[in-house]
Amino acid sequence: MSTDALNNSLVQNWGDKVILVVEDVDTNKIFFDAALRKTNAKILWAKDGKEAITLFQENRIDLVLMDLQLPIMDGYTATREIKAINSEIPVIAQTAHVMSGEREKCLEAGCDDYLAKPIRLQILMDTLSKYLNK
């Protein structure tokens with residue numbers, strides 16, 4: 001991939017998009033905030049699965065970035081509930097648990113895609129582009 005192609009995928013304008021980031025770890029929130037700030041997307045934050053579902057019900061969301069290890073309600077349960085509300089909205093799992101079977105477990109819960117932590121900026125932007133640039 002050329003440097004131009006690389007930079008192009010990092011430069012996105014999603015000013016009309018709303019991304020729900022479900023994340024309970026502050027350092028990861030800082031990463032997503034920095035990564036997504038330049039895209040102009042509206043970012044909503046939830047710190048647990050229950051809060052994610054409430055925000056999903058109250059807002060028009062275009063994509064969900066779902067941490068799987070969460071307090072109160074885990075990401076698998078929250079994903080199932082979100083998909084029951086609207087199965088069209090892409091949910092991208094993000095997890096530090098990359099042992100075999102994890103990807104299948106994510107997809108089984110209804111996740112559309114999967115990001116392994118630590119997440120690289122390029123992979124994040126490529127994955128989001130796949131779903132938001134339709």
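## Thr79 and its surroundings

Leaving out residues up to four places away in sequence, Thr79 touches Met66, Val91, Ala109, Gly110 and Cys111, where contact means heavy atoms within 4.5 Å. Thr79 is part of helix α4, which covers residues 75-85. With a relative accessibility of 0%, Thr79 counts as buried, since the term means under 20% relative accessible area, against over 50% for exposed and partly exposed in between (1.4 Å probe, protein chains only).

## Basis of the model

This is a predicted model, in which local features need pLDDT of at least 70 and side-chain atom pairs count only at pLDDT 80 or more, while totals for chains, interfaces and linings use all residues. Residues are numbered from 1 along each chain as its sequence is written, and side-chain values use heavy atoms, with hydrogens and water left out.

## Fold and dimensions

The protein chain has six helices and five strands, in the sequence order α-β-α-β-α-β-α-β-α-β-α. Helices (H or I, at least four residues) and strands (E, at least two) are DSSP runs, numbered from the N terminus.

The radius of gyration is 14 Å, which agrees with the value near 14 Å for a compact globule of 134 residues; the radius is taken over C-alpha atoms, and the globule rule is 2.2 Å times the number of residues to the power 0.38. Along the principal axes, the C-alpha atoms fill a box of roughly 40 × 35 × 30 Å.

## Burial and contacts

Of the 134 residues in the protein chain, 48% are buried. Among contacts between residues at least 6 apart in sequence, 65% join residues at least 24 apart.
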